[in-house]
Every structure is written in structure tokens, then in C-alpha cells.
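Here are my notes on the model you asked me to look over.

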Amino acid sequence: MSSDWQTLAGFLLSILFILWISREFYIWRFRLRHIPGPFRDSVSCYWTLFSRGYSGQLYLWQRQQSQKYGRVFRTGPNHVITDDPDVLRRLGALRSPYIKAEWYMDITRLARGTDTTLSLSGSPHADKLHRERHALLAPTYAGRDNTSPSLEDVVDTQIQSLISYLDQKIQNANMATCDFSAVAQYFALDIISSVLWSEPFGFLRDDVDVGRYVQTMQDFLPIRAALSSLPIMPWLRPILSRLLPTPRDEAGLGKLMAAAERALHARSARLSDADGKHDPAGGGNGDMLSGMMNNMKGIRDRELFHEVIMAIVAGSDNTASALRMAMAFLVVNPPAYRRLCEEISQGVASGKISSPVVRESETRAMPYLQAVVRETLRLYPLPAEFYKQVPPEGDEVAGYHIPGGTWLGANLNSLGRRTDLWGEDADLFRPERWIEAAADETDGQGQRFRNMMNMVDLVFGSGRFQCLGKSLAYMEVTKTLAELLRHFDFAAVEPTKPLKVEGYLLWLITGQLLSVTRKRVA
Ligand code: HEM
């Protein structure tokens, strides 16, 4: 390069740097300075990057800061989060002018230039596409395309595989030890590929981390979380996108991508980079994949492929974490553990629980089981903030004016523990609070119970941004817990270190060693 070019490049870089510094300074000094929050976070995201994003402590920080600053506070130069349930519901209302912030693009995009329902963000055009895609996919995620067998029957088959898997571990011995954090993830991954394309990945069958997916995700999550804090992400996108997984990878998500690619090819979808539309004739198997192919006519093959991959990631990890945390709470709460086991054994004895697997309709009539799951979700919602972009006219949040363009995120980890909403014992795992609220006749309408339900529902997002897999997740978690405790007894192997919990954008839960014993009467 000639020295003239070097001078020009240096000059342009300096200009870009000065522009960036000026923008950050302007945002810090003028736009959001009336909103409370830690000083260093208002100046730069780098503190978040090094101290919390990478350490897995973000959720603890979110809880502490809301105690200090209240309902809304700053988490970055252009970022604020709130634990006000009314505001979080309002963001997702049908006619809400909020759109998903570019945060989604950086965090959830799996390929350069290809968006999924989750990653469509950052502009009114993307918002329009998101609305359309969300509506098209809703029937598929609700299980309407899983016809023969039904979505519930597919889940049941996998639950039976899980029971056999644990039985084999126990074999002739009276007791076995399992790492439930891994088992829950293996199980959730096998379910998701079964509901998608009628075939489990084989994690449980082979008792192996297929393609080292679980290990790779564990290594990758802290880095992903740290990168999400970078204010210069748009500049980095072209470089970082080269590091995203592909079906050609030796390990990790790429291996699961290859399995998805095979499933799509088997249905004659043309997976080219060209703008070719997929062939809907290939989607006749009565599962989610065929539903997606039939309902999303006109979508490019590449987009369909990434929609499937997103479902694998979004649909396995969160469900596994809910199962792990429910089990973690139960094994250290003997009264709750006993009460749930009693509900199950009474249900079996009175014929209100079917065999071999409890029906979903029956789990709805098991108040304590439902309470255990809601209590778990309340205490351990996802740590990510799911930032939305405030509309140009700005908004009033908890008494503060939030200017247009600000990223407003959810502080779910504080919401679930607010003593003014849940009572002085908000930090305690106490499923009874749900039973008491349901029986509370003081308002004559069950209003308190409904409010609690609406608040815990926010762990799935709200309204038009709400999780598409919510009903599948509830079905999986409630049925699986009921069946595990119908057949087995669980206890923590190491009482001083029952599990390791780190909160990145998703939970990273490891080392949950449980002893498993077969129950005498099933
Ligand atoms: C306990 C388990 C789960 C939790 C806590 C959870 C939570 C969430 C949250 C918080 C969001 C983002 C909401 C927002 O943008 O404001 C989301 C989105 C999504 N989730 Fe889930 N999820 C769970 C299970 C599942 C499952 C099992 C599936 C698929 C089978 C799934 C598929 C999706 C999809 C497709 C979206 C994107 C929806 C959209 O942007 O329109 N999730 N989920």
C-alpha cells in the first residue's frame, strides 16, 4: 500500500473513531442522563462485557441493581431495563409501536444475511416480516401440523425413552448416579428433532453428546454473551458472521445443522444459496417440518433451514433448564418434593393419571405440579434482556421519559423476586403460594391468581413477541416431571455443590449430580 493510501485509511479510521466517541458521549451526557443507573454502565458497554457478560453473573447484577435504582435503570449508553410487568406487557401489544432492537440480530442470527422469526429486528420492515412470519408459524408450533402421531404422542415416546434410559442406568443395582444437567439437555434435544422431523437426534439412545453439541455450546455461551455487550457490533458483523456454525463443521451446532439439512433434503427441499423457493410437495410427513414447508410457501430454502435450526436451539436449551431448575428446587425442598409425589401417586391410584404417560389434559388438573413449574419459571426466567427499540416519539416508563431509539429490555430476574408483587418470601421456592392464590376468594374473581399467572407468563415474552414454543415447553416440562417422579426417586449426590448455575443469555447449568432410585410401585 502506498503511503498516500495509508494516510487516507488512517484519516478515515480516525474520523470513524471520533464519530463513535461523540455519539457515545452525546447519548451519555444528554439523552438518558435523567435515568438512574451505575455511572460506568452509562458511559460504556465494555464494563458489562468484562465484568458480567463473560462471568455469567448478569442475572445477579440485574436483581441487585433494581433494588438500588428501582423499576428502571441503565445498563449501557443506550440501554435501559425494567421489571415493570405492565410496561413489559404493553411492549408486545398487537398495535405496539415498539420493534425488536438490533440486539436480536447480533445474538440470535445464525447466518449472515438470513433472518429467522427470532432474529428479524432493527427496522419497521423487519418488524412487518416478523409479524407475518410469527403468524404463519403459530399453528405449526401449536402442534396443529403434527397429525399422525400428534405432538403430544411424539413427546410421550421421548418421555418413555427417558424412563428406559434411567432404568438402564440403574439396571440391577438399586441406585444409579446421573448428571441430570446433561440428561435433561439430551432429552430436550431428542424431543425437538422428533417433533420437527420425526426422528430423535439419538442423544439418549446412544448416551452421547452428539457432535459435541452440548460441550461446544457450553464453551461458546460466555463468548456470545460478552459479544452481545459490544456497542460496535454492527461494525463487527461481517467478521463475526464468518465464525458462525455451518453444517460442514466438525463439532457443535454444525453437526445438528447437518442432520437438519439431511432431513430437509430427504423432503426434496432444495437447499441452495440461490433464491429458489422450497418445494412444498416434500412436506407431507405430518410433523413440524412439513407444517413449516406447507405454511411458509414462498420462503427461501435457506430461510426455512435457519428457521429449523433456530427452533432446535430455542426449543431445547430453555426447556432443559426449566426441568433442571425444577428438579434442583425439589430435591432440596422435601415438603414440596413429598407433596408433588403424593399428588402423582393419588392421581395414579384414582385413575386420573393415564399410563404409560400422563395426558397433558390430566396435568392441567394437577395444581401442585403446575405450581412447581410456575414457581421455577418465576425464580429462574431467562437472563437475557430481549431489548426492544423505543418508538421515535419516546415513552413513559415508571415515571421516566425514555427517548425514541433507546433500547428497553426486560429485567425478568428482578420481576420474579419483587417483594411488593410476590410477598416478603419472594425469594423462596414455595409452590403453595399458587395454591393459596387460586383459593383466595377475597376478591371473588380470582384476580390475584390471574395477576400472578400474567406475570409469570412474561418469562416467555409477551403478545406479538411471545415465545412460539410456550405450550410445547409447558407440556414437556409438566409431563416429564410427573413421569420422572412417578417412576423414580431423586436426591442430590453432593449436598454442598448440588449444581453450577451461570446466567449468560441462556442458562448454563452443569454438574447436577443426582442419585436415581426406582420406585417400588409405579
Ligand atoms: C421453558 C422454556 C422456554 C422459555 C422460558 C422460552 C422463552 C422465550 C423468550 C423469552 C422468547 C423471546 C421473547 C421476546 O422476544 O420478547 C422466546 C422466543 C421464541 N421461542 Fe421460546 N422459550 C422456551 C421454550 C421454547 C420452545 C420449546 C420452543 C420451540 C419448540 C421455543 C421457540 C421460540 C421461538 C420460535 C421464539 C421466537 C418467537 C418470535 O420472535 O416471534 N421456545 N422464547
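1. Helices (H or I, at least four residues) and strands (E, at least two) are DSSP runs, numbered from the N terminus.

2. Some housekeeping. This is a predicted model, so to speak of a local feature I need pLDDT of at least 70, and side-chain atom pairs count only at pLDDT 80 or more, while totals for chains, interfaces and linings use all residues. Residue numbers start from 1 along each chain as its sequence is written.

3. The overall picture. The protein chain has 23 helices and 12 strands. Its radius of gyration, taken over C-alpha atoms, is 24 Å, which agrees with the value near 24 Å for a compact globule of 522 residues; the globule rule is 2.2 Å times the number of residues to the power 0.38. Along the principal axes, the C-alpha atoms fill a box of roughly 80 × 60 × 45 Å. Buried residues account for 43% of the 522.

4. Contacts along the chain. Two residues are in contact here if their C-beta atoms, placed from the backbone, lie within 7 Å. Taking contacts between residues at least 6 apart in sequence, 70% join residues at least 24 apart.

5. Which residues come nearest to the ligand? Gly315, Asn318, Gly461, Cys467 and Gly469 do, out of 21 residues around it. The cut-off for being near a molecule or strand is a C-beta atom, placed from the backbone, within 6 Å of it. Helix 15 (301-331) and helix 23 (470-487) each supply at least two residues of this shell, and helix 15 gives the most, with six.

6. The make-up of that shell is worth a look: 14 residues are nonpolar, seven are polar and none is charged. For the record, Ala, Val, Leu, Ile, Met, Phe, Trp, Tyr, Cys and Pro count as nonpolar, Asp, Glu, Lys and Arg as charged, and the others, Gly among them, as polar.

7. Back to helix 7 (residues 124-141). Its 18 residues should span 26 Å at 1.5 Å a residue, and its end C-alpha atoms are 25 Å apart, which agrees; the expected span is 1.5 Å times one less than the number of residues. Glycine 143, with a positive phi near 90°, follows the helix.

8. Five strands form an open sheet in the order 1-2-8-5-3, with mixed pairing. Strand 1 (72-76) and strand 3 stand at the edges with a single partner strand each, so one side of each is left without a neighbour in the sheet. Strands count as paired if DSSP finds at least two bridges between them. Strand 1 and strand 2 (residues 79-82) pair antiparallel over four bridges, and phenylalanine 73 has isoleucine 81 in strand 2 as its bridge partner.

9. The hairpin. Strand 10 joins strand 11 through three residues, and four bridges link strand 10 (residues 500-503) to strand 11 (residues 507-510) in the antiparallel sense. The bridge partner of glycine 503 in strand 11 is tryptophan 507.

10. Backbone spots to check by eye. Serine 355 and proline 356 are joined by a cis peptide bond, with omega about 5°, and proline 356 lies in the loop between helix 16 (334-349) and helix 17 (360-364). Serine 198 has a positive phi near 65° without being a glycine; this serine 198 sits in the loop between helix 9 (180-197) and helix 10 (203-206). Arginine 212, also not a glycine, has a positive phi of about 50° and lies in the loop between helix 10 and helix 11 (213-227).

Conventions:
Buried ≥ 20, exposed ≤ 12 C-beta atoms within 10 Å, placed from the backbone.
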